[in-house]
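Here is a short briefing on a structure that may be new to you. Look at the chain first, then follow the points below.

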Amino acid sequence: MISLLPVFFPVLAGFYLLKNPIKNRKNRERYVVITLATTLVFTLVTNILFSDTHLNIAKFAMGIEINFHVDAVATLFSTIFAAIWFLVGVFSLEYIKHEGEDNRFFAYFISSLGALIGVAYADNLVTLYTFFEIMSLLSYTLVVHSRTNEALLAGRKYIYYSLFGASLGLIGIFYFYSTGCERAFVEGGVLPDEIGGLMPKLSFMVIISIIGFGCKCGMFPLHAWLPTAHPQAPAPASSVLSGLITKAGVIAIIRIIYFTVGADLLRGSIAQYILAILAIITIFMGSMLAYKEKVLKKRLAYSTVSQVSYVIFGLLLLNEAGVTGALLQVVFHAIAKNILFLAAGAFIYKTGKIYVDDLYAMGKSMPKILICFSIAGLSLVGVPLTAGFISKWYLSLGSLNDNSGILGFVGISIIMISALLTAGYLVTITAKAFFALRADEVQESFEPNKYMTVPLAILTAFIVIFGVYPTPVINFVSAIANAIV
């Protein structure tokens with residue numbers, strides 16, 4: 001039963017706070033920190049002590065069940081979610097003074113974490129879909145938190161796209177269940193052997209279900225919500241939306257390709273090629289739009305559109321190196337993108353400015369924030385000695401695999417172009433901030449307090465540590481890739 005706690009404890013704690021608002025700021029801060037820290041502990045204990053545990057929560061008619069399974073994929077994603085969410089929560093203690101409505105924000109912020117961990121722990125497609133939808137509804141409130149007209153319009157776009165995408169995924173789920181397959185996820189897939197004779201229909205169902213769940217990742221053609229919604233949310237919400245909640249779509253894609261259909265069935269199919277092409281288009285398109293964008297948070301949102309599709313492309317290579325690179329990209333993008341959005345939030349909180357050009361000559365006034373921003377940006381580019389270099393190395397190996405063919409060649413070419421564009425839209429910010437003309441340098445200090453700087457410093461340290469010593473993470477995700485490909 002303890003494996004229920006990482007999911008239901010934060011959901012219940014969040015709704016308790018919504019029902020019983022805490023007026024005293026210090027008491028509310030303690031409640032938030034203790035709740036998120038406890039969720040992290042519950043998650044780590046569950047992942048360590050109850051690995052490979054199956055848990056049935058509810059049974060319905062027609063054999064439909066809500067089940068959890070703490071496998072290696074669930075362990076990887078849930079640990080990332082709980083650990084980074086805790087650090088973002090600490091950052092939020094100071095930032096939310098800028099937004100107001102503290103109790104409402106933290107109630108939904110905490111609850112969203114539980115639903116997201118539920119997606120990670122899901123042991124079948126129905127459970128995954130259920131928590132996927134719960135997470136979308138809870139995170140919607142984070143997008144519309146300010147309740148301005150712009151935020152409400154962005155929230156409407158977010159929820160419409162999310163519900164439509166999930167509906168496409170549900171059509172695929174109906175089809176997979178209609179084949180008489182095993183309901184619980186199994187490495188290598190659960191579809192019956194005779195389904196191989198129905199490849200055109202199967203390919204179509206795989207395509208629409210992955211496009212549907214890929215909406216949460218910002219995958220083309222259902223990407224337009226992301227650069228609209230993320231900039232409107234408070235910066236801590238933007239960071240988890242972009243760095244973590246997008247990974248719910250990645251989990252769904254992994255579960256469909258490798259735990260439902262199976263890599264062997266999809267390898268060489270029209271579904272593999274169409275979906276990989278869509279991922280490649282998204283990588284290039286997101287980078288180009290980010291390069292042109294002048295609003296800082298919107299630039300970072302377009303960057304997410306590009307960078308998360310690196311993951312999707314790696315998964316669709318259907319080889320061990322590609323999947324390893326994809327899972328490494330999940331970890332390192334989650335860290336880097338949270339740094340970037342939190343750094344942007346610190347800049348907005350201290351100066352009220354929102355444009356990229358406003359960071360010009362700010363190096364001396366916000367050195368700690370901009371150093372963290374710079375290291376995260378270098379990681380997304382894929383510079384050696386940063387974590388992002390490791391994931392892009394494995395993605396390149398997967399692309400150059402003998403079985404990848406023209407798909408791999410085109411993919412690695414676009415990844416290289418995207419890396420150059422990423423340098424153009426992130427590294428140039430650092431250059432202009434630190435190497436402006438001396439006469440233009442802003443002398444006044446805008447450095448925020450420790451609630452903001454400490455979480456950023458910890459996340460940045462992980463970027464460097466994993467860049468220099470990535471072996472433990474590589475070994476863990478390689479074992480997953482080896483088991484499922």
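The second largest cavity holds about 30 Å³ of space. This is a predicted model. A search of the whole structure finds two cavities of 30 Å³ or more.

**The second largest cavity**
- Its lining is made up of Arg 25, Arg 28, Glu 29, Val 32, Leu 93, Ile 96, Asp 102 and Phe 106.
- Two helices, H2 (25-49) and H4 (102-121), each supply at least two residues of this lining.
- Helix H2 gives the largest share, with four residues.
- By residue class, the lining of the second largest cavity has four nonpolar residues and four charged ones.
- No polar residue takes part in the lining of the second largest cavity.

**The largest cavity**
- About 50 Å³ of space lies in the largest cavity.
- Helix H13 (320-351) and helix H14 (367-381) are the elements that give two or more residues to its lining.
- The residues that line the largest cavity are Leu 296, Ala 343, Ala 344, Phe 347, Leu 359, Met 366, Ile 369, Leu 370 and Phe 373.
- What is the make-up of the lining of the largest cavity: nonpolar, polar or charged?
- The lining of the largest cavity counts nine nonpolar residues, with no polar and no charged ones.

**Why look for cavities**
- A probe the size of a water molecule, rolled over the atoms, shows where empty space is left.

**Fold and overall size**
- The chain contains 18 helices and two strands.
- Its C-alpha trace spans about 70 × 55 × 40 Å along the principal axes.
- The radius of gyration of the chain is 21 Å.
- A compact globule of 485 residues would have a value near 23 Å, so the chain agrees with that expectation.

**Burial, contacts and surface**
- How many of the 485 residues count as buried?
- The share of buried residues is 62%.
- Take the contacts in the chain between residues at least 6 apart in sequence: 82% of these join residues at least 24 apart.
- The chain exposes about 17800 Å².

Conventions: Residues numbered from 1 in each chain as written. Predicted model: local features only at pLDDT ≥ 70, side-chain atom pairs only at ≥ 80, totals over all residues. Heavy atoms only, no water. 1 Å grid on protein atoms, 1.4 Å probe; cavity = no way out; pocket = protein on both sides within 12 Å on 5 of 7 lines; lining within 4 Å. Points joined across faces, edges and corners; volume = space filled by probe spheres on them. Nonpolar A, V, L, I, M, F, W, Y, C, P; charged D, E, K, R; others polar. Rg over C-alpha atoms; globule rule 2.2 N^0.38 Å. Buried < 20%, exposed > 50% of the residue type's maximum accessible area, 1.4 Å probe, protein only. Contact = heavy atoms within 4.5 Å. Areas by Shrake-Rupley, 256 points an atom, 1.4 Å probe, with all protein chains shown as cover.
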